[in-house]
Structures are given as structure tokens and as C-alpha cells.
Amino acid sequence: MTEQRVAFGPFTFDTRNTTLWRGNEFVPLGARGAALLAGLLEADGGVVSRSSLLDRAWPDVVVEDGNLAVQIATLRKILGTRPDGQEWIATVPRVGYRLVRAAASHALSDAERPSIAVLPFVSMSSDSEQDYFADGMVEDLITALSRFKPFAVVARNSSFAYKGRAVDVREVARALGVRYVLEGSVRRGERRVRVSAQLIDGESGAHLWAENLDGTIEDVLDFQDRITARVIGLIEPEIHRAELERSRRKRPENLGAYDLYLRALPLLHVLGVQRLEHYDEAIDLLDRAIALDPGFAPVLALAAWAHEKRLTRSGTPPPGVDDALSAI
């Protein structure tokens with residue numbers, strides 16, 4: 001959380017001295033309440049696991065989950081309710097908690113803006129090392145859907161909190177505040193891929209659409225576009241096809257570069273505190289991808305972001321940075 005003061009609803013939280021203000025009124029939190037609120041705000045509306053919150057509020061101390069529940073209840077009482085009457089801190093069953101930012105709450109409740117969560121696709125490959133491929137596809141779907149202004153798409157951090165869990169889609173929809181849920185699976189062979197996707201009404205649990213897509217590795221990007229197109233066509237029919245065409249990203253010229261890009265993504269989205277070795281490994285993969293396809297914009301953008309994150313954690317700077325700084 002880089003901001004020194006973070007606003008949500010009528011509140012402002014000062015990250016320097018971990019104090020909370022309602023307008024000009026100081027709101028006492030206590031050390032553990034302030035630590036929990038800071039952790040929830042850092043997630044920017046995403047889900048924070050119970051274990052992460054316990055580590056933040058009780059560092060180097062082993063305590064029971066009940067202590068966290070008590071502190072969350074106290075924090076809820078201090079914050080009161082949102083304008084819609086709901087709690088500021090939402091419980092995500094069996095996962096953790098998230099702070100509902102005022103802007104996000106309004107967007108998701110707006111009848112003119114359909115809301116959707118894309119859950120992690122299940123990797124059906126026997127090799128668990130192939131999980132990155134399914135996760136990368138889902139991340140691209142989230143990005144593609146997010147480009148459409150009439151959509152409210154749940155952030156990756158929130159939807160990926162359900163990775164590897166058997167869940168009731170209706171329960172997920174209620175927890176994340178969405179009307180629709182997209183889920184699926186990916187089976188990848190040496191050169192063949194099968195993608196199964198289904199769109200579900202979050203309130204009733206009814207399947208609105210389901211489709212199996214079979215093809216070669218080279219067809220994966222077409223699969224993503226077709227899934228995106230069908231979802232958009234079902235839950236926001238007034239969106240013109242021309243808008244879909246304009247939103248389609250530039251395809252990489254080299255599919256080896258795309259594979260390396262997908263491998264790097266999970267290293268940069270490790271839950272909890274990233275370690276420097278995660279950034280080192282991701283940057284190595286991205287450098288190899290850039291060598292294969294220097295014009296693949298998503299790889300260039302992700303590499304720049306990874307270098308910046310590694311540098312802020314006192315890691316190795318990008319090549320040439322030290323020389324440039326010494327010349328200033």
C-alpha cells in the first residue's frame with residue numbers, strides 16, 4: 001500500500017501511523033484492529049486469507065482462529081454499516097475476509113452494470129506443473145472482460161482465493177457480490193487442448209451456457225476470444241460486436257513466448273509476501289519470452305512491472321540502471 005492516506009466511504013486510514021479518521025474525527029482502533037484494517041486495505045477489495053490476517057495481527061505468536069473472529073467483530077462494530085446497510089467487512093466462507101470499498105460496492109450493485117467473477121479453471125492434466133497454463137487462461141479472460149466498461153469484473157485476487165476448492169457457486173456469488181460466475185476446466189496434451197467453460201447465474205445456480213472447445217495449442221487465444229464473446233453476448237447483449245473486435249489484444253507472434261509468459265504469471269501472484277527469488281525466476285522467464293518475441297506487449301509490460309517490484313524490495317536492478325543513475 002503505497003498511499004499514505006487511503007479513503008473508503010466516510011473514513012480515511014493513515015498508513016504512516018495506522019490511525020483511522022471519520023472526517024475530522026479520530027476513530028480509536030487498537031493495535032490489532034489497525035493491523036487488520038491495514039491488511040484488508042492493502043488487498044484493495046480482494047480477499048485476505050485468515051492465516052494472513054493472523055500473521056499480521058499476531059506476528060510470531062500462535063493463536064486460535066477465534067481471536068481473529070473477535071477482532072473482526074470489534075472492527076465491524078467500530079466501522080458501522082455501509083450506506084446500503086451491509087457490513088464494510090465481508091466474510092468469504094472458508095477463505096477469509098475482504099473490505100468492501102465504497103466505489104466497488106456501488107459498481108457491483110448497479111443494475112446497469114452486470115457483475116461477474118471468473119473462477120480459476122481446473123487443470124485436468126495429470127502433470128500438476130501444467131496448472132500455470134489454466135491459470136494464465138483465466139487471467140487473460142479476466143483482463144478481456146474488464147475492458148468492457150458495462151462490466152464489473154471481480155479482481156483476480158478475490159476469485160483466485162477459491163483455487164483448488166470445491167465450492168457452491170451460489171455461495172461464491174453471494175460472497176463476492178456478483179450476478180454471474182464463469183467456471184471451467186482445461187485439459188492439455190502435448191499439442192492438443194480442450195477447454196470447457198460454463199456461465200452460471202449466481203442467484204439460482206442455473207447454467208446459462210456451456211461449451212467444450214477442442215483444438216491445438218495454437219487455438220488457445222481463439223478459445224479465449226470465443227468464451228469472452230459468448231459471455232458478453234449473454235449478459236450484456238446491447239454491447240456491439242465491433243466493441244469486442246476492438247478490444248481483442250494483439251496476439252503474440254511466437255507461441256513459445258506466450259507459454260513463457262503464462263509460466264511467469266503465477267510467480268508474480270503468490271499469495272502473501274513475495275520473495276525475491278519469485279521475481280528473479282519470473283524475470284528470467286520473461287526475458288526469454290522477449291528474446292523470442294520482442295514485440296509481444298503483455299510480456300514487455302509484465303517484465304517492467306516485475307523489475308520495478310523487485311527493485312523496491314532491494315533486489316537486483318534492471319541492466320543499465322546503475323550506470324544511468326551514476327551518470328546523473
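Arg82 counts as buried because its relative accessible area is 10%; buried means under 20% relative accessible area, exposed means over 50%, and partly exposed is in between (1.4 Å probe, protein chains only).

Before going on, please note that this is a predicted model, in which local features need pLDDT of at least 70 and side-chain atom pairs count only at pLDDT 80 or more, while totals for chains, interfaces and linings use all residues. Residues are numbered from 1 along each chain as its sequence is written, and side-chain values use heavy atoms, with hydrogens and water left out.

**The overall picture**

The protein has 328 residues, and 45% of them are buried. Its secondary structure comes to 13 helices and 13 strands; these are DSSP runs numbered from the N terminus, with helices being H or I of at least four residues and strands being E of at least two. Contact here means heavy atoms within 4.5 Å. Among contacts between residues at least 6 apart in sequence, 58% join residues at least 24 apart.

In soluble globular proteins, nonpolar side chains tend to be buried together. A nonpolar core is a set of buried Ala, Val, Leu, Ile, Met, Phe, Trp, Tyr and Cys residues joined through side-chain atoms within 4.5 Å. The largest one here has 46 residues, and those with the most contacts inside it include Phe121, Val186 and Ile227. If we leave aside neighbours within four places in sequence, Ile227 touches Leu141, Leu182, Val195, Ala197, Trp209 and Leu213. There is also a second, separate core of 27 residues, and Phe13, Leu41, Leu54 and Leu99 are among its members.

Helix α1 covers residues 31-42, which is 12 residues. From its first C-alpha to its last, α1 reaches 17 Å, close to the 16 Å expected at 1.5 Å a residue; the expected span is 1.5 Å times one less than the number of residues. The buried residues of α1 include Gly33, Leu36, Leu40 and Leu41.

Helix α8 (residues 220-235) holds Leu221. Leu221 counts as buried because its relative accessibility is 6%. The C-alpha atoms of Leu221 and Tyr258 are separated by 10.0 Å, although these residues are 37 apart along the chain.

**Aromatic rings**

A pair of aromatic rings is described by the distance of the centres and the angle of the planes. Rings of Phe, Tyr and Trp (its six-membered ring) pair if their centres lie within 6.5 Å; planes under 30 degrees apart count as stacked, over 60 as edge-to-face and the rest as tilted. By this rule there are eight aromatic pairs, and two of them are set out here.

| Pair | Centre to centre | Angle between planes | Type |
|---|---|---|---|
| Trp21 and Phe26 | 5.4 Å | 65° | edge-to-face |
| Tyr261 and Phe296 | 5.6 Å | 65° | edge-to-face |

Tyr261 lies in helix α10 (residues 255-267) and Phe296 in the loop between α11 (276-292) and α12 (297-312), so their pair ties together parts that are 35 residues apart in sequence. Both Tyr261 and Phe296 are buried. Trp21, by contrast, is partly exposed at 27%, and Phe26 is partly exposed at 43%. Elsewhere, Phe8, Phe11 and Trp88 form one aromatic cluster.

**Positive phi angles**

Most residues other than glycine have a negative phi, and most peptide bonds are trans. Where do positive values turn up in this model? Thr18 has a phi near 45°, and its place is in the loop between β2 (11-14) and β3 (19-22). Asp44, which follows α1, has a positive phi near 55°. Asp60 has a phi near 65° and belongs to the loop between α2 (50-57) and α3. With a relative accessible area of 85%, Asp60 is exposed, whereas Thr18 is partly exposed at 39%.
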